[in-house]
Amino acid sequence: MINYPIPGSQLTNVTVAQAQAFLKSPTLIARRFSEILADHNFLAHYLLRGKYKMVGGAIAYTPDEATSSGDTAETVAPGGEYPLTALPADAAILVAALKKGLASEIADETVGRLAMDPIERAIQMLAFDLISQFDAAAIGAIQSAVGTSITGGTWTTGTQLVTDVEKAKATLKGRKKGYRATSVVLTDLQWAAVSPVLLPLLPREAGNPIVEGRIPNILDVDWVTSSDLPPGWVPLVADADNLGGIGHEDIPSPEYIALSSIAAKNGSNVEVARFREKNDATRIQVRKADVPVVANPGAGVKITGTGL
């Protein structure tokens, strides 16, 4: 007996009838998408942790909202009047809703010949393409918005690396807006160059995150990587709790199943639909009605001069 969702190790044992039953069920298709996205989630959601709800097809936010009026506290005599401080006038920015979507058709003949294989390949292709394209757009927006940078040295020694990351953390904290660094963001190739430098800073015994292939937390920040970062990327130190968020629009389409309804912890905002076509094929459609919002560019600092 085959249990759904079908694990990869059992794909060769699936009958044509079982593959057809899977393809007829929007819920099973959505569950498979949820499984994939649980393992390969969006870097955009990690770095932009705020959640904004679109109203009327748009969202308004205040960039780098002021947290200080610039006024000086005064000495107040017993029974005296306290000086009033006016709230800073912050200008709001309006961002329009955005919907990204992909689809793939699976011909009946391919299911008859290959059973589950073409279905699984289509689902994986749609999931990975959606992740890659949305992350690329969101990270590109972060790269353009963050304007602060510090000049570091070549990251060939742990001493230099620690010095530069701590300088970036101090720069964020020095803005006096409550920013605290949570993450260092690198490309996969940059991480390949940096990880040997970090090894001496980690325990040699069991539990070394680099040896185990886990995201390490070093200097009280998570080191995260992605293959979807744009060309010219330099190491970024960011406060992911304050950098920005994802604006989501709820679209009332009854054909779609939200992955959050399949798995409560799935916060990807991805929705999946299945349609039967007239050309002897089944269409799987996936969409993400999200827009990345970099509300506080000051919550990020770039490090140049590292040689990466």
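**Entry 1, pocket.** I looked up the second largest pocket and found about 340 Å³ of space in it. The model is a predicted one. I then listed the lining of this pocket, which comes to 17 residues. Those nearest the pocket centre are His-45, Lys-51, Gly-267, Ser-268 and Asn-269. Sorting the lining by element, I noted that H3, strand S1 (50-53) and strand S10 (245-248) each give two or more residues. S1 supplies the largest share, four residues.

I counted elements next: the protein has nine helices and 15 strands. Of its 308 residues, 43% count as buried. I also checked contacts between residues at least 6 apart in sequence, and 78% of these join residues at least 24 apart.

How many aromatic pairs does a search of the whole structure find? I got two. One of them is Phe-42 with Phe-134, an edge-to-face pair with 5.8 Å from centre to centre and 90° between the planes. I placed Phe-42 in the loop between helix H2 (26-39) and helix H3 (43-47), and Phe-134 in helix H5, so this pair ties together parts 92 residues apart in sequence. I recorded both Phe-42 and Phe-134 as buried.

The pair of Trp-155 and Trp-223 has ring centres 6.3 Å apart and planes at 55°, so I logged it as tilted. For the angle I used the cut-offs directly: planes under 30 degrees apart would be stacked and planes over 60 edge-to-face. Trp-155 sits in the loop between strand S5 (149-151) and helix H6 (158-174), and Trp-223 in strand S8, so the parts tied together here are 68 residues apart in sequence. Both Trp-155 and Trp-223 are buried.

I looked for charged ends sitting over rings. The charged end of Lys-288 sits over the ring of Phe-42, 4.4 Å from the ring centre. Phe-42 is also a member of the edge-to-face pair with Phe-134. I found the charged end of Arg-287 over the ring of Tyr-256, 3.8 Å from the centre of that ring.

Most residues other than glycine have a negative phi, so I noted exceptions. Ala-115 has phi near 55°. I located Ala-115 in the loop between helix H4 (108-114) and helix H5 (117-145).

Leu-219 is another non-glycine residue with a positive phi, about 60°. I found Leu-219 in the loop between strand S7 (217-218) and strand S8 (221-226). The relative accessible area of Leu-219 is 23%, so I put this residue down as partly exposed.

Where does Lys-302 lie? I found Lys-302 in strand S15 (residues 300-304). A polar atom of the Lys-302 side chain is 3.1 Å from the backbone oxygen of Val-146. I then listed the contacts of Lys-302, leaving aside neighbours within four places in sequence. The list holds Gln-143, Val-146, Thr-148, Ser-149, Ile-150, Val-234, Pro-235 and Leu-236.

Technical notes. Residues numbered from 1 in each chain as written. Predicted model: local features only at pLDDT ≥ 70, side-chain atom pairs only at ≥ 80, totals over all residues. Heavy atoms only, no water. Polar contact = N/O pair within 3.5 Å; in protein donor to acceptor, adjacent residues only side chain to side chain. Contact = heavy atoms within 4.5 Å. Buried < 20%, exposed > 50% of the residue type's maximum accessible area, 1.4 Å probe, protein only. Phe/Tyr/Trp six-rings, centres within 6.5 Å; stacked < 30°, edge-to-face > 60°. Lys NZ or Arg CZ within 6 Å of the ring centre and 35° of its normal. 1 Å grid on protein atoms, 1.4 Å probe; cavity = no way out; pocket = protein on both sides within 12 Å on 5 of 7 lines; lining within 4 Å. Points joined across faces, edges and corners; volume = space filled by probe spheres on them.
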